[in-house]
Amino acid sequence: MIDEKPPVASAPVPVGMVWRFGWGLADQLLSSATNFLLSVLVARTVGPSELGAFSVAYATFTFSLGAVRAIAGELLAVRHSAVSADEWREGVTRSAGTALMAGILVGAGCLIAGAGAVEPFRSVLSIVGLSLPFLLVQDVWRFAFFARGRGSAAFLNDVVWVVVMFAAFALLRYYDVSSVAWLTLGWASAGCLAAIVGVFQLKVLPSDPLSAARW
């Protein structure tokens, strides 16, 4: 006769984990939908040469974002997701400092490339070059929120970017402005504003270059 062991009840999934997953999923969906709508809007508004200029600028932002996530944002989420508040805050400042330094370096390259390019590439690359440090820091703020279990704050910060960006696009459409430079400025300025809002949400600033290099 075989003794049958009673089934072991599975441990319930913590509510906090569900909420964190939900906010992460919502933030990712918001980001993906926004990128898609941005691409469609620009493609339907500008001509082929201006669309090419925007594609080059956006690709520069995307590649820079991926690189900085690897050395700053994702590293922050791995190292500082289960530490004290002080350690987390220190990690956030140093990670943001790394993103800021990387944005300044790549942004300077965009400005140099734009200076030798023709329009509309010159204007678009210049806008991206000036805004890139802020845009990369904004992404670090998102990782900082998620590392601390504050997914709703990350979602709110992205909402600021989306709302301001589409408000700017609506204003440009109202005044019948279809220049790719103005569209790029609306997108980049909204991201810079979201980065500034993140400073007030987290109450931290990017670290100095030496601390960023140590990170």
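Reader: What do buried, exposed and partly exposed mean here?

Author: With a 1.4 Å probe and protein chains only, a residue over 50% relative accessible area is exposed. A residue in between is partly exposed, and the term for a residue under 20% is buried.

Reader: How is this model numbered, and what kind of model is it?

Author: Residues are numbered from 1 along each chain as its sequence is written. Side-chain values use heavy atoms, without hydrogens and water, and local features need pLDDT of at least 70, side-chain atom pairs pLDDT 80 or more, while totals for chains, interfaces and linings use all residues, since the model is predicted.

Reader: Is serine 207 buried or exposed?

Author: Serine 207 lies in the loop between helix H6 (180-202) and helix H7 (209-214); helices are DSSP runs of H or I with at least four residues, numbered from the N terminus. Leaving aside residues up to four places away in sequence, serine 207 touches Thr93, Arg94, Gly97 and Ala212, where contact means heavy atoms within 4.5 Å. Because its relative accessibility is 14%, serine 207 counts as buried.

Reader: Which residues does serine 131 touch, not counting residues up to four places away in sequence?

Author: Serine 131 is placed in helix H4 (residues 121-147), and its relative accessible area is 5%, so it is buried. Apart from residues up to four places away in sequence, its contacts are Ala188 and Cys192.

Reader: How far apart in space are serine 131 and tryptophan 187, C-alpha to C-alpha?

Author: In sequence, serine 131 and tryptophan 187 are 56 residues apart. In space, their C-alpha to C-alpha distance is 9.9 Å.

Reader: Why does arginine 122 count as partly exposed?

Author: Arginine 122 is also found in helix H4. Beyond residues up to four places away in sequence, it touches Gly114, Ala115 and Ala117. Arginine 122 is partly exposed because its relative accessible area is 33%.

Reader: What separates the C-alpha atoms of arginine 122 and alanine 53?

Author: Along the chain, arginine 122 and alanine 53 are 69 residues apart. The separation of their C-alpha atoms is 8.6 Å.

Reader: What is the relative accessibility of leucine 193?

Author: Leucine 193 has its place in helix H6. Leucine 193 counts as partly exposed because its relative accessibility is 36%.

Key. Helices (H or I, at least four residues) and strands (E, at least two) are DSSP runs, numbered from the N terminus.
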